[in-house]
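This report is meant for a reader who has not seen the structure before. Please look over the sequence and the model first.

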Amino acid sequence: MSKSKLRSTNWFGHADKDGFIHRSWMKNQGFPPHLFDGRPVIGICNTWSELVPCNAHLRQIADRVKRGVYEAGGFPLEFPVMALGETNLRPTAMLFRNLASMDVEESIRGNPIDGVVLLCGCDKTTPSLLLGAISCDLPAIVVSGGPMLNGNFRGQPIGSGTAVWQMSEDVRAGKMALADFMEAETCMSRSAGHCMTMGTASTMASMVEALGMGLPHNAAIPAVDSRRYVLAHNAGRRIVEMVHEDLKISKILVREAFENAIRVNAAIGGSTNAVIHLLAFARRLGVELSLDDFDRLAHELPLLVDLMPSGPKFLMEDFYYAGGIPAVVRELGDLIHDVLTVNGKTIRANTAEAPCWNREVIHAMGDPIKTHAGIAVLHGNLAPNGAVIKPCAATARLLKHRGRAVVFENVEDLKARTDLPELDIDENSVMVLKGAGPKGYPGMPELGNMPLPRKLLERGITDLVRISDARMSGTAYGTVVLHVSPESAVGGPLALVRDGDMIELDVEARRLDLCVSDDELARRRTAWTPPPPVAQSGYQKLYVDHVLQADQGADFDFLVGIRGAGIPRESH
Ligand code: FES
């Protein structure tokens with residue numbers, strides 16, 4: 001792209017009052033005049049925050065991106081945006097994904113930026129940055145912060161999140177001492193980086209790579225491995241070239257790229273959260289993608305990657321050493337469309353020679369860990385617009401099950417009654433949680449993997465069918481039906497379920513049904529009253545008024561689509 005066409009020349013390229021204002025104040029940072037000579041200005045969009053431990057090292061990563069940008073003749077400018085951390089932010093980080101995406105979108109469009117490097121890590125930081133950048137549609141490249149080193153507790157690998165769910169159930173079942181549980185805290189999180197299981201952060205970093213929006217090996221290089229810095233440096237070099245080539249996001253994120261991502265997600269046993277985020281990306285871009293595409297494209301695919309929570313022992317560090325996403329893409333062969341990626345080569349060119357160094361971690365297509373591992377999309381009178389389940393993280397015998405509903409009206413009800421000895425529940429029951437969807441909570445929290453009642457844990461029961469309009473942490477597991485749409489708070493059939501109703505789950509038939517007559521459901525609907533509004537003002541009111549349902553990506557209705565990066569009016 002010629003200098004005169006760069007967006008940044010509209011700020012820095014004029015010898016007048018406005019140009020003076022744009023340059024002079026920037027020079028207080030010690031930038032020499034030649035940096036304003038019309039070279040590409042590269043924004044480094046940083047979600048660094050000490051409140052988001054998974055992203056706390058991203059300023060060091062940004063420094064390496066800057067080196068690469070300077071080396072390629074660009075002018076890097078780092079800027080902060082709202083960072084969303086899963087572990088501290090309440091009521092749930094997902095509530096703020098769309099807000100952060102607006103921060104990103106407006107920060108890019110309103111500033112002298114020609115291309116952008118997106119630095120992210122923790123679960124929602126990746127989708128929020130990509131959503132905002134998509135709506136501007138400038139050249140962009142994602143650099144993930146990378147996973148933590150493997151957790152290790154008393155000589156055994158323990159995985160972020162997954163170990164917490166396992167050990168906390170063990171404490172409640174009386175199988176683990178509380179002191180041991182507390183000791184495991186430091187053993188699990190022992191380096192910079194995000195969760196090192198195939199949770200949502202690793203899944204979204206993998207999706208970035210599979211979509212072609214990151215350089216090869218973006219997903220798995222540990223955060224503290226020197227090769228993470230090399231990747232960041234190379235991303236800085238490459239984004240300058242991308243600006244010259246005018247290689248915008250919409251040229252990379254085509255329908256085929258989404259199909260690739262959906263298939264890779266099945267092969268790696270990725271998080272159900274990817275469904276919601278990929279749907280939101282596609283809708284921002286105007287790419288046709290539906291919930292049913294996830295099932296149609298990938299349900300027959302095998303699980304190839306043996307990472308927690310789908311597998312018993314390996315973690316992201318092992319995945320990188322075994323060959324990472326390039327080895328998985330190579331294994332998928334013709335199932336992967338040969339489309340362009342940010343490095344200017346196609347995904348198959350990038351992975352044609354990708355080696356696998358450990359077949360225990362990355363299995364061959366002919367020797368999968370499990371068959372039919374893709375996320376299954378369920379329909380039925382309990383989920384007219386769909387629901388999802390991750391079969392590879394479920395108990396095989398429960399994938400076809402008929403059981404009596406035990407209903408919790410909201411999460412407070414769940415917490416108050418789960419462990420009551422008098423709770424009428426057994427191993428055949430189906431736990432149902434209402435009020436945890438996008439509008440109902442609000443923000444669709446990761447509550448879908450409801451804790452099992454203590455009295456069942458003490459009997460050695462380790463899984464029940466659980467159904468809700470919530471999401472589930474990508475690090476979690478179980479026979480958990482999620483994202484039921486429409487959600488209960490807007491009067492979806494989930495709202496009408498009562499204790500004792502029979503529920504039928506048949507994953508092979510893709511069915512989720514409430515075994516109650518239409519007449520009775522109509523009577524219940526007439527009697528149903530919507531819950532009181534969860535917010536009267538502020539951001540939560542904006543959220544509840546505009547958030548779409550899970551099967552539409554839970555974006556805001558007014559954010560769908562590309563708005564581009566036209567030059568806004570002068571500010572003075
Ligand atoms: Fe941040 Fe898991 S808590 S990635």
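What follows covers aromatic contacts, strand pairing and cysteines.

The structure is a predicted model.

**Aromatic contacts**

A search through the whole structure gives 9 aromatic pairs. One of these joins Phe36 and Phe75: the ring centres are 5.4 Å apart and the planes stand at 80°, so the pair is edge-to-face. An angle over 60 degrees is what places a pair in that class. Phe36 belongs to the loop between helix H2 (17–26) and strand S1 (41–46), while Phe75 belongs to strand S2 (residues 75–80), so the contact ties together parts that lie 39 residues apart in sequence. Phe36 is buried, at a relative accessible area of 8%, and Phe75 is buried too, at 0%.

Another pair is made by Phe556 and Phe558, with centres 5.3 Å apart and planes at 25°, so this pair is stacked. Here the angle falls under the 30 degrees that marks a stacked pair. Phe556 is buried, with a relative accessible area of 0%, whereas Phe558 is partly exposed, with 36%. Phe556 and Phe558 also belong to one aromatic cluster, together with Phe96, Tyr539 and Tyr543.

Arg64 lies over the face of Tyr229, 4.6 Å from the centre of the ring.

The table lists the accessibility of residues named in this report.

| Residue | Relative accessible area | State |
|---|---|---|
| Phe36 | 8% | buried |
| Phe75 | 0% | buried |
| Phe556 | 0% | buried |
| Phe558 | 36% | partly exposed |
| Cys54 | 10% | buried |
| Cys392 | 3% | buried |

**Strands and a helix across them**

Strand S2, which holds Phe75, is part of an open sheet of 4 strands in the order S2-S1-S3-S4, with parallel pairing. S2 and strand S4 (140–144) are at the edges with a single partner strand each, so one side of each has no neighbour in the sheet. From one strand to the next, the twist averages 20°.

Within this sheet, S1 pairs with strand S3 (residues 115–120) in the parallel sense, over 5 bridges. Cys45 has Leu118 in S3 as its bridge partner. Helix H5 (residues 125–136) lies across S1, S3 and S4, and runs at about 165° to S3.

Pairing in the antiparallel sense is found for strand S7 and strand S8 (residues 383–389), over 4 bridges. A hairpin joins S7 to S8 through 2 residues. The bridge partner of Ala376 in S8 is Ile389. Strand S7 (residues 376–380) is mostly covered, since 4 of its 5 residues are buried.

**Cysteines**

A disulfide is a covalent bond between the sulfur atoms of two cysteines. How many disulfides does the count come to? The count is 0 disulfides. Cys392 is in no disulfide, and the nearest cysteine sulfur, that of Cys195, is 17 Å away. The cut-off for a disulfide is a pair of sulfur atoms within 2.5 Å. Cys392 counts as buried, at 3% relative accessibility. Cys54 is likewise buried, with a relative accessible area of 10%.

Technical notes: Residues are numbered from 1 along each chain as its sequence is written. This is a predicted model: local features need pLDDT of at least 70, side-chain atom pairs count only at pLDDT 80 or more; totals for chains, interfaces and linings use all residues. Side-chain values use heavy atoms; hydrogens and water are left out. Rings of Phe, Tyr and Trp (its six-membered ring) pair if their centres lie within 6.5 Å; planes under 30 degrees apart count as stacked, over 60 as edge-to-face and the rest as tilted. Buried means under 20% relative accessible area, exposed over 50%, partly exposed in between (1.4 Å probe, protein chains only). A charge sits over a ring if NZ of Lys or CZ of Arg is within 6 Å of the ring centre and within 35 degrees of the ring normal. Two strands pair if DSSP finds at least two bridges between them. Axes are lines fitted to C-alpha atoms, for helices over the stretch in contact, and angles run from 0 to 180 degrees between N-to-C directions. Contact means heavy atoms within 4.5 Å.
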